[in-house]
Structure formats: C-alpha cells, structure tokens
Amino acid sequence: MIAAVSLFLIVTLSVLITRIATIALVHTGLSSESAKFQARSAYTGAGLSTQETENIMNHPVRRKIIYNLMLIGNAGIVTAMSSLILTFVLPESNASRLYGFLIIVGGMIVLWLGIRSAWVDRGLSRIINKMLKKYTDLEINDYAAVLHLKDDYKIIEAQVDDDGWMCHRTLQELDLREEGITILGVEREGVGYFGSPSGNFKMLPHDKVTIYGKAEGIKSIYSRKKDHYAQSEHQKFVEKEEERLATDEQKIKKS
C-alpha cells in the first residue's frame, strides 16, 4: 500500500514538474501547445528531433529548462516503475494488492480530472507564475499575450518562393505596412539574420521571413504570385486595413 501511495505521489509530482516547465517555456516565447509538447517530450525522454527543438537548443534559457527536465524525468520514470512493481510484489495477500490497485486507479482518476479542469489550470498557473518571478531570474514575458496572438494575430516564419510575389522586391515596393503586416526579421542562408529590416531591403529566393499580422493577410501574401491577381489582393487588404484603422479611431473618440 505504501508503494501504491508513493507511485501516486510520484506521478502527481511529475505532472506538476512538466506544468512548471511548460509555463516557463511559454514565458520564453513559445506557444502553449509547443511548450507543452516539448516539456513532455523532454521529461519522457522521447527526444524528437524537429526544427522547433533546434530553436530551443539554441536558446540558453530554454536549453537550461529542457536539460533539467530531462534529468528529473529520468529519475522520475525509474522511481515510478519501481514503485509500480513493488505495489504488486511486496504485499503478501491478494487483499493488499487489491487495495494498492484501487489506490493507483482512484488516484489516477482524480489526477486526470484535475489536469482537465480549467479552474485548476488557471489557479496552478497563477501560483507557478508568482513562484517563477520570486525565486528565479527567468524573464517573465508571455509573448503570446503581448502580441495578441489569440486575437487572430499570428507570427509565421515562411520561405520566399522563386515565383512568389515578394521575391526580388524591396519592402518599400511591397508596402506591407499598409496591409497591417510587419516584417520582424529575415534569415538569409550563408549571410545571417536581419532584424527589423528597413524599406530598401530586398527579398531574395529562399529567404526565411518572420511575419507578424492578421492570419488572413499573412496567408494571402504567401499565396500570391507575380501576376495581376497579386496586386489586386494587395489593394484589397490595404482597404481592409484602412477600414480597421477608421474603426479604431472611432472607438478612441468615443472613449
């Protein structure tokens, strides 16, 4: 029975640790879904190799979080397996084994309901945020909230196609700001990264561009080719942005 209780406590602690790591990763700029996936992968030792994983390894704070999570995860999984085996090996009677089994099943159900509860998640997140601010030097920035990524705004990294509308044109010629689109940076192979490029910066084939703006507008940009349709699409989104700005001005005047 003691082994069963120990197993439940170990699993509960594991869930708490991965939740802390997830929130910490979110504060470094990862989306909540990506942070959750990477935290669970590191804790379980899945070791999935993706471009996102490479970005994490190149970030000193994220790398430290993942490294510690992998160490804790190895110890936690071994301890959990040992407790599970002892739950059914140590007891001398079937009744004790049954009690241990019921403790494990009941505990897992309670834990699962707690994980699925939005109220528990919000409360736990607030507590973890306060603890991170108080006891760590981790820079607490929820970039998803700062950039309003939940309000149909997105940050997307995509490649410039040879026949794409943006290819071989400067930012001034593209005039994306009139569409409400901002170029945050451009990664050029063999050259390096250009942060917040100016208007005379020319897009070249295979440039990886980081774009911020409305999801609909970003999707439109990467579907445009070098034809009349591209210019008409550009004008359509310019007019939409003008209407949005006019609406915002009315809201300001009313307030």
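Visitor: Why is E233 said to count as buried?

Guide: The relative accessibility of E233 is 10%. Buried means under 20% relative accessible area, exposed means over 50%, and partly exposed lies in between (1.4 Å probe, protein chains only). Since 10% falls under 20%, E233 counts as buried. Please note that this is a predicted model, in which local features need pLDDT of at least 70, side-chain atom pairs count only at pLDDT 80 or more, and totals for chains, interfaces and linings use all residues. Residues are numbered from 1 along each chain as its sequence is written, and side-chain values use heavy atoms, leaving out hydrogens and water.

Visitor: How do you know that E233 and K236 form a salt bridge?

Guide: A salt bridge is a side-chain nitrogen of Lys or Arg within 4 Å of a carboxyl oxygen of Asp or Glu. Between K236 and E233 the N to O distance is 3.0 Å, and this value is within 4 Å, so the pair qualifies. Both residues lie in helix α10, three residues apart, about one turn of the helix. Helices are DSSP runs of H or I with at least four residues, strands are runs of E with at least two, and they are numbered from the N terminus.

Visitor: What makes K236 partly exposed?

Guide: The relative accessible area of K236 is 37%.

Visitor: Why is the contact of R224 with E179 called a salt bridge?

Guide: The closest N and O atoms of R224 and E179 are 2.8 Å apart, which is within the limit, so the name applies. R224 lies in the loop between α9 (215-221) and α10, and E179 in the loop between α8 (171-174) and β2 (182-188), so the pair ties together parts that are 45 residues apart in sequence. R224 is buried at 1%, and E179 is buried at 6%.

Visitor: What makes D175, E178, E239, E242 and E243 a negative surface patch?

Guide: Patches are made of residues with over 30% relative accessible area and no salt bridge, where like charges are joined within 9 Å and nonpolar side chains (Val, Leu, Ile, Met, Phe, Trp, Tyr) within 5 Å. Asp and Glu count as negative, so the patch is named negative. E243 belongs to helix α10 (residues 228-254).

Notes:
Areas by Shrake-Rupley, 256 points an atom, 1.4 Å probe, with all protein chains shown as cover. Charge placed at Lys NZ, Arg CZ, Asp CG, Glu CD.
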